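Student: I am new to this structure and would like a close look at how its side chains pair up. Could you take me through one part slowly, and then show me how the rest connects to it?

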Amino acid sequence: MKKLFINTCSVLFVILCLGVIGVQAQESPDSIVSVAVGIQMEQELVNVAFGTQDKEDVLGAVSTVNIARLLEKNYQTYTLDGIRSFVGGYTGNIWGQSPLILVDGVPRSASDVNATEIESVTVLKSASAVVLYGSKAAKGVVLITTKRGKEQPLTIEARVNTGMYVPKSYPKYLDAASYMTLYNEASDNDGVAHIYDDAAIYNTAAGVNPYKYSDIDYFSSEYLRKAYNKTDATVEISGGDKKTRYYTNFGMSYNNDLVNYGEQSKNKDLNFRVRGNIDMQLTKWLSAKTDVSVNFNNNYIGRGDFWGSSASMRPNWFTFLIPVSMLDPNNTDLQTITANSNNVIDGKYLLGGNNAVQTNAFADMLAAGYIRYKERTFQFNVSETADLSSITEGLSFSNSFSIDYNNYYSEAYRQSYATYEPTWSNMNGEDIIIDLKDYGEDGSATNEYIGDSKYKQTITFFSQLNYARTFKDLHYVTANLIAWGYQYRNSVDEGHDGSDYHSTSNANLGMQLAYNYAHKYYVDFSGAIVHSAKLPKDNRKAFSPTVTLAWRISDENFMKDASFIDNLMLTASYAKLNQDIDIADDEDEYYLYKGYYNDSGWFQWRDNTMGGGMSVLSQRGSNPSLDYVTREEFRLGLKGALLKNKVTFEINYFNQVTDGLLTQGSSTIYPSYFNRWDYSYLPYINYNKNKRYGFDFSVSHNNKIGDFEYEIGFVGMVYNSEAVIRDEVYQDDYQYRAGKPIDASFGYISEGFFADQADIDNHATQTFGDVLPGDLKYKDVNNDGVINSQDQIKLGKNGSPFTYGINLTLKYKNWSLFAMGQGQSGAIGYKNSNYYWVYGDRKYSEQALGRWTPETASTATYPRLTTKSNTNNFRNSTFWKYNNNRFDLTKAQLTYDFSEAMFSEKSLLSQLSVYVSGQNLLTISKERKMMEMNIGRAPQCRFYNIGIKAAF
């Protein structure tokens, strides 16, 4: 029924839009003049919490990007692409924390909308800017605002793009012969017998019989395309008059995949979307808006974890194809197997395997079937605004309601299959298979089935009483009273065992009182009464206050002689927000203030005689005093414009303390007997504290010299953090996390390789298993003669203390060139994937070529090889550490806009542009090769695109 409802609503809405378009097609061109004025006015407005504000009067740390204008020189499909190059303090997080995403005021995913649907993206960074949204917005908000119709004649814009994704690089693994050679060396190091003889290594290297001596290269053209395609098309229709304005967006996109083998050669993604936004002036005092968006996503993928297998399956492990032509023709049992098999690939091959790998990615792709993922999203908003100036000038009331449905499910086909392990012999100088050991059975499934399904419903509402009035053209007063709330409802059905149902609610009452005198002196008091069902009854309500002051220095008399300063404003704010985001939100842990028991215990008679039974034990203590986590923040900002607005800048210093983070106090608060392996009386308490501080900045310069125009922007953030209080106990002071960055990374100091047994004997005892020459040697930090976890120290930070972005636009006549990039410095990482940490029977990468041997001891770049787990070498240390400094050229686009003089009034076309672009083009870093290489997943790609845009 839900699917029918969504489809019916989408069809009705399209009919409605087409009907409106038909009416508006007869409009007079006289409205074009008001359009130009309207656009200019809109460019001076910034979307803020529950409304818009004149750009010059924005007081909080707020940054906005006009996506509609940006698309004229930088085509993109994902809404938040490149925002980091325009907004200081935004890195995907805001000032180090994950923000709430709102699309047209509703909590939604940024991927629910296409960039062509978007008018602007506004990033609300400071606490004073987000307080009206309540608890869930306490870590920042990203406002995504969709386009709306304008008072203008019918306008149609169409855009088509097509491009190719080209892989940057693939992991470099050793071939089978090299792997076997080095594995034998690892066996020698461990003192165990070889499992690969010289003949097998030689025959593998010589390629004598690839079915007997397999050597699988996952990244060959046999399995992968050199590139894959993405194509998308969009049509936008807009217009309207004073009573009705409309905007409609129709779009689709398609892409295939890099894998070109078996069922996965058919992998594809297909998306279709429709959006319609309508604004109506119902009466002189009542206006309304209604928006509908429908999104269809269809994905087809063949079974088999190709990329995961590429990082783990050794090249010589087995042959996944067994040639029927090499079966002993005189062996009737083998011929019967072939005749009865459901999976004779191309009439030539049986599927291969062995006892350890009875199914594999290649066989899955050839025989196991496929999955069709289907996602349907329906979003509906309706709102109305009443002008109540008849009661008192400046009074208005707004009300909004939205409901979203998201339904995700899979239609799948799965087929079991048999694999075979061959026994080879040589007859008359030719290899022949004389026996097959089978694993599994060929299935006979003929029907698809419904796999996992997920359903999500979001209901949002807000009501707002607004008062905005100017007295004597000097005194500007604004007051708002806002009620806002939303609820998620999630239902997940995995394996048809019934749905897991869970809902998350948020409700708050916001209030704002603001005054400014002549746009020179400002004061703003905003607050929110928040509510959380996660807390005990007496603590569920709290008040979050903020106060902001601002001073436009440039309007003072003493600044009149500084003619080069167009605008200079100083702002300061203080806030204390209450939030429950950091209180667990999953179904099993929702009411953390409540203790609970279970029957997992067992008792035994004291005299140990037969008997005993189940007992009820505490699993968590209660805490009726559990309270909100708070964000206390002080911010100081300075923004301005110079040289007739050719230079603009903004800088925000922030200092915020997050207090009352949850812990159970097992280290320092409660005695040890409160917690044992089978019971716990430990409650959750508000105890830990974090501090984040730093500053973000943005500066831009634009100029025009004759026919040449340019604009360059530089944004960034200097960010630090501190774990102020932690429930922790360590023997050595240097191991305490308190006083160090929140994202501090701990590890060992490597002192190179052990040279020989004497070196091992003379060094502190390392407690991570057997140690041999060629293993890593660690520093005894506390000088106790033992290397253990107490010798870990802070090696750096996982997050970058300095992030930045740049954007550049060059324009000459009808040509424009746009580029943007982003960078970071000061963070560290570890080369700790299975590409670098090779041990046991793991696949060998080229890293193993630098391994330690007695002969290469002075030049080795990698520990000795081993067939064991070797927990000594493979742990975070300075040996594996690298600096995560990098700069990425994320986008470049060259556009040519055809002259409007080419198009007469009778022409079908009124505007035409063509462009070429590249995405993810370049990484500059000492560790570039590692950063551009994915392990166990699809590769990173550069995307080269060509597009055309036309207006009618």
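Tutor: Let's start with Lys 147, which forms a salt bridge with Glu 236, their closest N and O atoms lying 2.7 Å apart. Lys 147 sits in the loop between β7 (141-146) and β8 (152-167), while Glu 236 belongs to strand β9 (residues 228-240), so this pair ties together parts that are 89 residues apart in sequence. Both Lys 147 and Glu 236 are buried. Please keep in mind that you are looking at a predicted model. In general, side chains of opposite charge can pair when their charged atoms come close.

The structure holds 29 salt bridges, and another one to find joins the side chains of Arg 275 and Glu 117, at 2.6 Å from N to O. Arg 275 is in strand β11 (residues 268-281) and Glu 117 in the loop between β5 (106-107) and β6 (118-124), so here the tie is between parts 158 residues apart in sequence. Arg 275 and Glu 117 are both buried. These two also belong to a network of salt bridges that links Asp 104, Glu 117, Arg 273 and Arg 275.

Now turn to Arg 928 and Glu 932, whose side chains meet in a salt bridge of 3.1 Å, N to O. Arg 928 has a relative accessible area of 31%, so Arg 928 is partly exposed. Glu 932, with a relative accessible area of 3%, is buried.

The charged end of Lys 456 sits over the ring of Tyr 488, 4.4 Å from the ring's centre. Likewise, Arg 875 places its charged end over the ring of Phe 768, 3.9 Å from the centre.

Take Phe 306 and Phe 362: their ring centres are 6.1 Å apart and their planes stand at 90°, so the pair is edge-to-face. Phe 306 is in helix α7 and Phe 362 in helix α9, 56 residues apart, and the pair links these distant parts of the chain. Phe 320 lies in the loop between α7 and β13 (321-323), 42 residues from Phe 362 in helix α9. Relative accessibility is 6% for Phe 320, which counts as buried, and 0% for Phe 362, which counts as buried too. Ring pairs join these three residues into a cluster whose members also include Tyr 218, Tyr 223 and Trp 307.

In soluble globular proteins, nonpolar side chains tend to be buried together. Here the largest nonpolar core has 61 residues, and Tyr 223, Phe 306, Phe 320, Phe 362 and Tyr 844 touch the most other members. Among the elements giving two or more residues to this core are α7 (306-310), α9 (361-368) and α11 (928-931), while α5 provides the largest share, 6 residues. Leaving aside residues up to four places away in sequence, Phe 306 touches several residues, including Tyr 218, Tyr 223, Val 259, Phe 362 and Met 365. A second, separate core of 38 residues includes Val 58, Leu 124, Val 130 and Val 141.

Key
Residues are numbered from 1 along each chain as its sequence is written. This is a predicted model: local features need pLDDT of at least 70, side-chain atom pairs count only at pLDDT 80 or more; totals for chains, interfaces and linings use all residues. Side-chain values use heavy atoms; hydrogens and water are left out. A nonpolar core is a set of buried Ala, Val, Leu, Ile, Met, Phe, Trp, Tyr and Cys residues joined through side-chain atoms within 4.5 Å. Buried means under 20% relative accessible area, exposed over 50%, partly exposed in between (1.4 Å probe, protein chains only). Helices (H or I, at least four residues) and strands (E, at least two) are DSSP runs, numbered from the N terminus. Contact means heavy atoms within 4.5 Å. A salt bridge is a side-chain nitrogen of Lys or Arg within 4 Å of a carboxyl oxygen of Asp or Glu. Rings of Phe, Tyr and Trp (its six-membered ring) pair if their centres lie within 6.5 Å; planes under 30 degrees apart count as stacked, over 60 as edge-to-face and the rest as tilted. A charge sits over a ring if NZ of Lys or CZ of Arg is within 6 Å of the ring centre and within 35 degrees of the ring normal.
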